[in-house]
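Hi there,

I am passing on the structure we talked about, so please have a look when you have a moment.

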Amino acid sequence: MAVEIPPIIKPSRLRSRAGLPGECLAEFLGTFVLISFGCGVVATAVAALPGSGRAATPTTIFLAAGDWLLIAWGWAFAVAFGVYVAGGVSGAHINPAVTLAMAVRRGFPWKKVLPYWFSQVCGAFAGAALVLLVYHNAIDAYDAVAPGPKVNGHTNATFSIFATFPAPYYHGGYWGPLVDQIVGTAFLVMFVVALLDLRNQAVKANLAPLLVGFVVAAIGMSYGANAGYAINPARDFGPRLLTYAAGWQSLAFGGSVQGSFSGYWWIPIVGPLIGGVVGILIYDLFIGDVLYARAQLGELPEPGRGARPTRTVGKDDKSGPGDTGGTGGTDEEY
């Protein structure tokens, strides 16, 4: 039975929140949920499970595929619930790359892009702060027994709870991780717009957020190991700011580990922004334009039929120009 839920704040003070301010609050909360559960599952895998005695040693992580699946599905649920929380108010972009792509090809107002981005980064920062608050004991315990190198007592492993870094086989290069982020985000946005496209096989009921979560799980399983599949500038930048303030210092900015990579922080920002636009353009070029063309053809008469009713007369009727050589009689052709 439906009941009326009274507002917490007086209605007279809520009017401004019905527009852009309310949408920004929704983006903040949706991204907060995303990071709280996404970074939370990484904290569980990296620090909490080893430190609580549920792994072989206090520093045992990622010894089997199941460790990666835990993180992939954790991020999937994080995205799904973030979208469920914010979707009814802001559309739940919770990702600057999605916001930019929607502005480029879906008529999202450009004046809202920067406010959305700011709200998303703030939500990501707050979500990372919550994870640090809850897991700081586990993080400190891991860093205390883990081998170096360390920055201000912190390891790159615990930094990975919050932000991303490239695999060693890139040897510190930029192009490989940049391409990885472009490709991963292109797939993300391509699948999101496909799921939402009512001209295509759009998702029924309220299942779109869940399937968007499945998209993130698929990307994590297929393209995640190269660079941690940030595929979201706010998801990486907000927590990176938090770790810099909390003592990880050069691991966060400029995103450097001696002998491994340096100056990496900008790649999870630039790569996803490019990839999001690429993904929506590819979808529209290969699928969207075809659906549009079919919709236009559907408004026209079937091939071989006239646009207006025409009278067809028999071949023996010499009374008018409607003689079409028919077999006799009359009918109405449309």
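Below is what turned up, sorted by topic.

Please keep in mind that this is a predicted model.

**The nonpolar patch**

Let me begin at the surface. A nonpolar patch there is formed by L69, W73, F77, F81, Y84, L207, F214 and M221, which together have about 740 Å² of accessible area. Two elements supply two or more residues each, namely helix 2 (65-90) and helix 7 (208-223). Which of them gives the most? That is helix 2, with five residues. L207 sits in the loop between helix 6 (175-196) and helix 7. With a relative accessibility of 42%, L207 counts as partly exposed.

Some of these names come back when you look at the rings: W73, F77, F81 and F214 make up one aromatic cluster.

**Aromatic pairs**

In total, the structure holds 16 aromatic pairs.

- F108 and Y116 pair edge-to-face, with 4.9 Å from centre to centre and 65° between the planes. Both F108 and Y116 are buried.
- F165 and F261 are stacked, at 5.8 Å centre to centre and with 5° between the planes. F165 belongs to the loop between helix 5 (156-159) and helix 6, while F261 belongs to the loop between helix 8 and helix 9 (267-298), so this pair ties together parts that lie 96 residues apart in sequence.

F261 counts as buried, because its relative accessibility is 9%.

**Helix 8**

Helix 8 (residues 233-248) deserves a look of its own. Its 16 residues put the end C-alpha atoms only 19 Å apart, short of the 22 Å that a straight helix would reach at 1.5 Å a residue. What caps the N-terminal end of helix 8? N232 does, with a side-chain oxygen 3.0 Å from the backbone nitrogen of A234. Just after the helix, Q249 adopts a positive phi of about 50°.

As for burial, the buried residues in helix 8 include P233, A234, R235, D236 and G238. Further along helix 8, P239, R240, L242, T243, G247 and W248 are buried too.

Happy to hear what you think.

Best wishes

Key
Residues numbered from 1 in each chain as written. Predicted model: local features only at pLDDT ≥ 70, side-chain atom pairs only at ≥ 80, totals over all residues. Heavy atoms only, no water. Helix = DSSP H or I, 4+ residues; strand = E, 2+ residues; numbered from the N terminus. Expected span 1.5 Å × (residues − 1). Buried < 20%, exposed > 50% of the residue type's maximum accessible area, 1.4 Å probe, protein only. Polar contact = N/O pair within 3.5 Å; in protein donor to acceptor, adjacent residues only side chain to side chain. Patch = residues over 30% accessible without salt bridge, like charges linked within 9 Å, V, L, I, M, F, W, Y side chains within 5 Å. Areas by Shrake-Rupley, 256 points an atom, 1.4 Å probe, with all protein chains shown as cover. Salt bridge = Lys/Arg side-chain N within 4 Å of Asp/Glu carboxyl O. Phe/Tyr/Trp six-rings, centres within 6.5 Å; stacked < 30°, edge-to-face > 60°.
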